[in-house]
Amino acid sequence: MATEGNLQAPTRHAIDWRNPDFYNEDAALHEMERIFDICHGCRRCVSLCGAFPTLFDLVDESRTGEVDGVDKKDYMKVVDQCYMCDLCYMTKCPYVPPHEFNLDFPHTMLRAKAIKFKKGEVGAAEKFLSSTDVHGQFAGIPIVVQVANAVNKTKPARAVMQKVLGVDKNAWLPELATKKFRSGAPGSPPHAVKDGAKTPGKVVIYSTCYINYNEPGIGHDLLKVLDHNEVPYVLVEKEKCCGMPKLELGDLASVNASKEANIPVLVKYAKDGYAILSAVPSCTLMFKQELPLMYPGDADVQLVKEHMWDPFEYLMARKRDGLLKTEFSTPLGKISYQIPCHGRVQNIGKKTEEMLKMVPGTSVHTHERCSGHAGTFGVKVPYHQQALKIGKPLFKAMASHKDGGLPDVISSDCPLGGHHIAQGFEVNSLGAPPQKHPLTLIRTAYGLK
């Protein structure tokens, strides 16, 4: 007997991306039609992103008022709006597995994106935007960095970037770091390894492209917090982009190349008993969910998954082990904090909120709505204004702290999302509270220099 919705936790199927039928366009269109028809009859996800309003408008404006009246050529309009935040799957849809409808909207969109990419319908500009290791090769080079950062702030340069790369001239863009995190990170003091019941007592840092090339300060904040808590750390010997930007583009061959470079390195640390920490939620999720689903039979991928931690997931587990220092010297005031989508999808709970609330003189107002940024989606010409529109309810909510007035600081675990929120405050005239990463806030709370 069919049931209206699940009473069980969602489960995920492996992504059968190496099966030739995965790229069978007719089969993919047939599956999209099946899923779109279920979505049309439900419409619970209409407020999440642009994919669902686009779909429902296509249906409502069709000759039949049903999915069968929508031209299949228009299906890609829905696909292009999906930035794979995964929230529809994890928080809204009542028909995900194990329900018999077996509905996986994000990974169906991934299949369509992969077909589009394989057909050669993704432009060079989009490929370049998703090549984070290519952008970052200029970070840390004296003079080059300063010139590049200065030029990127000029209107003529931004106009050229908009024309050539499709980057909206008004979108916030990160600067290149004057010194890469990996080359500037200090070695760990020789702390003794103290394993807890829940946590390994030593950590290896997977830097991520963004921390390494753009905001190394966040990485240094993490190292300071670990050192303060007497957790010895090392940096991953060598690393490549996690592959998430390429996944979102449907470039699965490049995802595979990143996997082949990263997993053999990371699995050595996993086998040596390290906790692997990544300070960017999307990167953490790549190793916790997407790669394990792409390589379900790869024991090394699965072992890395088991050893991959969000920093606050790890720190709060250390607290449960009685191994976290909880004496904070500096209050943080009123914080409006956003849990990013790829943080929520990890199913680790509100670990960042829990730690921030431990700081005396601190009031945390937590928000779980999407910022709309979604990696490269929020900077592209067709989508930047839409990204700001998607995030507007979040911006307005964060601007009104539960204790009254503006917050003293706004924060998100996603560095790019945090800056997008700050831009949303600016364009909506909501005030200008400083934007700081939660790791920066905890370093401040500990009174660490």
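Lys380 is buried in this predicted model, with a relative accessibility of 11%. That puts Lys380 in the buried class because the cut-off for the class is under 20%. What does Lys380 pair with? Its salt-bridge partner is Glu126, and the closest N and O atoms of the two are 2.9 Å apart.

Another lysine to look at is Lys259, which counts as buried because its relative accessibility is 7%. Lys259 forms a salt bridge with Asp298, and here the closest N and O atoms are 3.0 Å apart. This is again a link between distant parts of the chain, with Lys259 in helix H14 (residues 252-271) and Asp298 in the loop between helix H15 (281-294) and helix H16 (299-307), 39 residues apart. Asp74 and Lys77 make a salt bridge too, with 3.3 Å between the closest N and O atoms. Asp74 is partly exposed at 21% relative accessibility, and Lys77 is also in the partly exposed class, at 46%.

Why would such pairs form at all? Side chains of opposite charge can pair when their charged atoms come close. If you count every case with nitrogen and carboxyl oxygen within 4 Å, you end up with 22 salt bridges.

Now for the helices. The loop holding Asp298 sits between H15 and H16, so follow those two helices next. H15 and H16 pack at an angle of about 160°, with their axes 8 Å apart. The two helices are therefore roughly antiparallel, because the angle is over 145 degrees. The crossing of H15 past H16 is left-handed. On the H15 side the contact uses Phe287, Lys288, Leu291 and Pro292, and on the H16 side it uses Val301, Gln302, Val304 and Lys305. Sorted by class, this contact has 5 nonpolar residues, 1 polar and 2 charged.

Then there is the packing of H20 (residues 384-399) on H21 (residues 415-427), with an angle of about 85° and axes 8 Å apart. By class, the contact of H20 with H21 has 9 nonpolar and 4 polar residues, and no charged ones.

One last stop is Lys198, in the loop between helix H10 (181-184) and strand E1 (203-205). Is Lys198 buried or partly exposed? Partly exposed, because its relative accessibility is 47%. Leaving out residues up to four places away in sequence, Lys198 touches Trp309, Ala317, Arg320 and Asp321. For a sense of scale, Lys198 and Leu252 are 54 residues apart in sequence, and their C-alpha atoms are 34 Å apart in space.

Technical notes
Residues are numbered from 1 along each chain as its sequence is written. This is a predicted model: local features need pLDDT of at least 70, side-chain atom pairs count only at pLDDT 80 or more; totals for chains, interfaces and linings use all residues. Side-chain values use heavy atoms; hydrogens and water are left out. Axes are lines fitted to C-alpha atoms, for helices over the stretch in contact, and angles run from 0 to 180 degrees between N-to-C directions. Helices (H or I, at least four residues) and strands (E, at least two) are DSSP runs, numbered from the N terminus. Ala, Val, Leu, Ile, Met, Phe, Trp, Tyr, Cys and Pro count as nonpolar, Asp, Glu, Lys and Arg as charged, and the others, Gly among them, as polar. A salt bridge is a side-chain nitrogen of Lys or Arg within 4 Å of a carboxyl oxygen of Asp or Glu. Buried means under 20% relative accessible area, exposed over 50%, partly exposed in between (1.4 Å probe, protein chains only). Angles under 35 degrees count as roughly parallel, over 145 as roughly antiparallel, 65 to 115 as roughly perpendicular and the rest as oblique. A crossing is left-handed if the near helix is turned anticlockwise from the far one by less than a right angle, and right-handed if clockwise. Contact means heavy atoms within 4.5 Å.
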